[in-house]
Amino acid sequence: MATESTAFTSLTLPVLPLDDEVVLPGMVVPLDLTDAEVRAAVEAAQAAARGGDKPRVLLVPRVDGTYAGVGALGTVEQVGRLSDGDPGALIRGVRRVRIGAGTTGPGAALWVEGTAVEEITPDPLPGAVTELMKEYKALATSWLRKRGAWQVVDRVQQIDDVSQLADNSGYSPFLTVAQRVELLETGDPVARLRLAVKWLGEHLAEQDVAESIAKDVQEGVDKQQREFLLRRQLEAVRKELAELNGDPDSESDDYRARVEAADLPEKVREAALKEVDKLERASDQSPEGGWIRTWLDTVLEMPWTRRTEDAYDIPGARAVLDADHAGLDDVKERITEYLAVRKRRADRGLGVEWGSPLLERSRELGGGRRGDGAVLALVGPPGVGKTSLGESVAKAMGREFVRVALGGVRDEAEIRGHRRTYVGALPGRVVRAIKEAGSMNPVVLLDEIDKVGSDYRGDPAAALLEVLDPAQNHTFRDHYLEVELDLSDVVFLATANVLEAIPQPLLDRMELVRLDGYTEDEKVVIARDHLLPRQLERAGLEPGEVTVDDAALRRLAGEYTREAGVRSLERSLARLLRKVAARHELGEQELPFTIGVDELRPLIGRPYHTPESAQDPAERRTSVPGVATGLAVTGAGGDVLFVEASLADPETGGAGLTLTGQLGDVMKESARIALSFLRSRGAELELPVGDFKERGIHLHVPAGAVPKDGPSAGITMTTALASLLSGRQVRPDVAMTGEVSLTGRVLPIGGVKQKLLAAHRAGITTVIIPKRNEPDLDDVPAEVLEKLDVHPVSDVRQVLELALTPAATAAVPVAA
């Protein structure tokens, strides 16, 4: 192993500092003399040179203003001009010099005393050193060949000195200044050679990796360039073919560019690109091309990543609902609850944001994203505002609104779409609604869901099962699109008139909210605040030209219309305003004009629905025994019905029970049960039931053209028969509802709220309901309960005591 010599040679030389550069022995470097320090050192060396000796300088690296401890003795080989024309000097490194103390010398340069470092190389070289030299030469040759420096390869191969071979690595441009300084300061030639081999090997490894990456990138670029050129050629060919066919404008759109530029989910993008590949391979005469273009247009028009931000102003949302609709507190509270929960979850960071890593990971695991979209079923009679409520909900939530009419839909493909194999195939109505809304989280109103039918083409209600299930609709697949569509963040509102017409599995997926109709006070508010301004505009009248006072509105709602909703009331208002406008144009009426109660009859005629209590006592239906007032529920809301009973003359009629009025099986059974109860308990009730054996009984429910069914008329039929036998009239202000049993128990029924609203509209003041329906009174508006005297009963005897007039004022029995 070579070691430093103990023989030292003392030198006094001017210092030529090298910033960010290192010169090793054996290296020849050009230096710029425009640098003041370089020029001063060279001039000082020239001044100190003796006879024919070459000027000598000490080349010392200076890193960050600090001089290295070892420099290189350099000789000035030539002074002239560099390639750029500036003055320069060519300096050769000779040997290492260890820097000593500073001294004085001629010129402006810094002079120091140095000690030359003598190096001894073993002779002969050990085998390990020889192998190290071969390894270095092999690595250097490999690196130089990659750079194309073939002449340098030969020179390196001819170097046999260990020190010279190690110092030759100083020419390597990839070495840092720190690495070169380390080479300069390392006196052992073998140690320097090991460092050179290590650094050169590391650089070649990095270069191989970089070349591999560059090759892969280049191959990808080449593939893209080839694909680009081929596609341009394909476009040119298609354009030429189109011109030959006489249609130069038939060049197809660049669907690939549109798909790549669109913001699509990854799976949708993959499916779209597959269809683009098919389109590019398809012939222009093939009908498949048109199908693919239509499908791609549909996919590109879908708002896959567009969503509207929910309005989390809860008081503001409730104010919007209150301003648009009077009443309907149940629905307003449910929407307010929904918004409040979403706001709380958003504030606490419990929701999964769209595009978040958590969501993407959930989808990778097959979990998808289950949004908290609501599915509400608004069930109630016509005209109560179910459809218009959907628009108000969307406005309160800050979402887009789309209405999907389902009335009369009988084809399953209307919901799930048609297969693309059919001519004229289209996506289903749900997909079209999302596309129309322009966002993935609109409010979708499924209008008249109870009118959906089924036939040989399928059952649309069955197709709606997945759409309206929040646990499934995050992966809804339309038959036309055939890609997953996330409906979990859509708020679905379904409307229906008849609850029983909705299939039970479909109803089970929705939250039921009943709209049982408006009270008379609510109708007045709706007419004043909503209907009247709208009809004034339609009639071409200014708001101040015609006014309708509240008393007239109340008369319109109570006597000119009798409905759960307000459509007939709006039509009556429209008729009033048309009459006023026509009279004004004829010069018969001056404006402004106020419509009061007295002006109603001259303008639109007499009332159509006079309350039973307002009629003359002799003209009331209950003015004779055997007639009782009942309450029922229809598709149009609650209604009042009358049950009439009579006994046939024993000489002209036979025994038996006759039922008329288009009654259903359940209602017929109620009549038989009422008759059986009176026959078994007649003596106890002090009724002459013996006549039932010889005289026929006839029960009739008027409005015979209307089908009627249900058990809730049981106590009404019992009361009518009891009134007939006892000769006691039924009080005209009393209405009743309830199922009767053979033992005389009054059993619970449904639709209490709707029935009480109907009784209130008809002018009834006393209502009899089953005792077990007493909790249902909590749903009835307070203003209605204040005007009704409600009696919950559990036995028919209580019903008869409340409904029949006292025996002292009883009329002569009809049976006599």
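Guide: E482 sits in the loop that links strand 11 (476-477) to strand 12 (484-485); helices (H or I, at least four residues) and strands (E, at least two) are DSSP runs, numbered from the N terminus. Its phi is positive, about 60°, even though E482 is not a glycine. At 35% relative accessibility E482 is partly exposed, which here means between buried (under 20% relative accessible area) and exposed (over 50%), using a 1.4 Å probe and protein chains only.

A word on the source: this is a predicted model, where local features need pLDDT of at least 70 and side-chain atom pairs count only at pLDDT 80 or more, while totals for chains, interfaces and linings use all residues. Residues are numbered from 1 along each chain as its sequence is written, and side-chain values use heavy atoms, with hydrogens and water left out.

E448 is another non-glycine with a positive phi of about 60°. You'll find E448 in the loop between strand 10 (443-447) and helix 16 (460-467), partly exposed at 26% relative accessibility.

For a cis peptide bond, look at L591 to P592, with omega near 0°. P592 lies in the loop between helix 20 (567-585) and strand 16 (593-595).

Now for something buried: S670, in helix 22 (residues 665-685), has a relative accessible area of 6%. Leaving out residues up to four places away in sequence, S670 touches G710, P711, G714 and M717, where contact means heavy atoms within 4.5 Å.
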